[in-house]
Amino acid sequence: MTVARIDARFAALKAEGRPGLVVFVTAGDPDLETSFEVIRALPGAGADVIEIGMPFTDPMADGPAIQAAGLRALAGGQTLVKTLDLVRRFRETDQATPIVLMGYYNPIYSYGVPRFLTDAKAAGIDGLIVVDLPTEEDPELCLPALEQDIAFIRLATPTTDDKRLPTVLRHTSGFVYYVSINGITGSASPDCNAVAAAVARLKRHTDLPIAVGFGIRTPEQAAEIGGNADAAVVGSAVVSMIGEASAQGLSGKALADRISAFVATLAAGVRGAKRSAA
Amino acid sequence: MAMAPAQTPNSYREGPDEHGHFGIYGGRFVAETLMPLILELEKAYEDARNDPSFRAELDYFLEHYVGRPSPLYFAERLTDHFGGAKIYLKREELNHTGAHKINNCIGQILLARRMGKKRIIAETGAGQHGVATATVAARFGLPCTIYMGKTDIERQSPNVFRMKLLGAEVVPVTSGSQTLKDAMNEALRDWVTQVEDTFYIIGTVAGPHPYPAMVRDFQAVIGHESKAQMLKAEGRLPDTLVACVGGGSNAIGLFHPFLDDREVAIDAVEAAGLGLESGKHAASLAKGRPGVLHGNRTYLLQDDDGQIIEAHSISAGLDYPGIGPEHSWLHDIGRVNFVSATDQEALDAFQLCAKLEGIIPALESSHALAHVGRIAGKLPKDHIILVNLSGRGDKDIFTVASALGAKL
């Protein structure tokens, strides 16, 4: 499956004529079993693609919400081995929903790139987003991942100009993740018109689907942004809710239910979105 | 991690390559948002480096504002005390703001101005780089924000006040271990948020390319002067260079001009904290392994899962779980000999230098002096050691008082 699973999902979304919903949660947040319950319930709640954060002590591109999620997971003993196992368990229940791992390079480098790719593929992981691996470092992980048929999903940002875009898109597969603001995750909300223009610009350079993220928190924003793209990514708003629910003493299925209810509202948002993008 | 067998290069001074690599170390491991900025910086630095007017302006400020050249001083009483090698101190502590940090800050702010940047940010550990950055920002009239770990703010309050007097905004960093590495994370987060007008002055020879090479070049004035001064004083090069190393900017600044003088032995001193086996230290070469953090591949203190481990040193300026990538390379190929000194050894050397030479060294530099104390007595009297006294210890008196049980 791998890249093909992502391609199939976006083809299905196109056939349905609606943007997709990409939901981000951090693996092992707030604990391994609760995290499994949350992830397992996401497709039923309407998530079309799941991004699973690999916790790291020094998440330089993340805002307070995802930083806190990572720290909760690490405090609970989460490791990359456990994250891969979490995906393997999810795959026993769901063969269709693409899973993309997102995080920073050092835990992967420490694990060993060839071993990581073998284990990730066996676990049922379809794509990777590694924030601190720009195209200049493609030989590290991007090219080996593509050889294994695992998608390497690149971030494009407002600072990526037309001259640089072809370089950035060159080895990208699965979809392109457009970072809608200059900043960290969970900060300012993106401007819809600017996003529409940016997506149009990206579309001139690639046929890949465009997912837009950073700063999308509500069903309305998901609908608005989704209407201008192929998918909307929601992360910080979801992990903030996990943090709050955990602080209130919820765990396991009870916590997963609360998250699913929120994700269902986001999903209703993208399903109602008027699609203006190609 | 399997290391390629070390080969002796024709020159140790040619790195990095066009990708910013020193051997397997260095590189540009940053988010895409920053990548165009890093490439712009690389080009701007390359232009500046080859522009005689930039060099002339830099030299002017180094002489008249920083107070260079800093003296090379024969430490007669330390030499007599140990009874062996002749000990020379490169007096970087006499620079304006009290440490070597300003050499780099002057260079980078001139570059920022040349690039038309309107706002300066920096991270700081001990506060020396923060003070140096706030100083040059004041001098050139640019607003300045300094990120500093909350823990460091508490143990370096005089420097925090200095930065504020100089007009800088000091932002306490409460994430992670609340020390230098977290301050660097926060500065990077600021930079991705305000990419248009901001120049990030990194204080050490780490970060994405071109920072490790650029900061080294600005600090290499230490080694170039030392070489000329030693030739004048003794008619020959020193036998051994010694410097402390956290990120490693004062060390590489002294070492780099000497790297191809193969008869010169080079010792770099990491912070062993409470001891290398205690788990509470900052010795990334002695106890770490290669990894990727803050834009470069280098030796890092990390656990089996690749999570970064908090460093410990009595000296806030060495309290960092990584080291500059060029040092990692120099370690692997064996050109520089990396050793370590504990908190206690540094404290002892701090006091000894104060009492015998009338010079209160920074706790960072005291690690270098501690190593000198271990080797000087065993070396012949015609052996010359040149040690980088990278900073003055006025900022450390509260830390030292508390370690010695004195009440101020």
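1. Two strands count as paired if DSSP finds at least two bridges between them, and strands (E, at least two residues) and helices (H or I, at least four) are DSSP runs numbered from the N terminus. By that rule, chain B of this predicted model has an open sheet of four strands, in the order β7-β6-β5-β8, with parallel pairing. The edges are β7 (169-173) and β8 (198-200) of chain B; each has a single partner strand, so one side of each lacks a neighbour in the sheet. On average, neighbouring strands are turned by 25° against each other, direction ignored.

2. A word on the ground rules. This is a predicted model, where local features need pLDDT of at least 70 and side-chain atom pairs count only at pLDDT 80 or more, while totals for chains, interfaces and linings use all residues. Residues are numbered from 1 along each chain as its sequence is written, chains are lettered from A in the order in which they are written, and side-chain values use heavy atoms, without hydrogens and water.

3. Have a look at β6 (residues 144-149) of chain B, which runs parallel to β7(B) and is joined to it by five bridges. B:Tyr147 sits opposite B:Val171 of β7(B).

4. Now the interface: 39 residues of chain B are in contact (heavy atoms within 4.5 Å) with 34 residues of chain A. The rule finds three salt bridges across it (a side-chain nitrogen of Lys or Arg within 4 Å of a carboxyl oxygen of Asp or Glu). B:Glu32 and A:Arg164 meet in a salt bridge through their side chains, at 2.8 Å, N to O.

How values were computed
Axes are lines fitted to C-alpha atoms, for helices over the stretch in contact, and angles run from 0 to 180 degrees between N-to-C directions.
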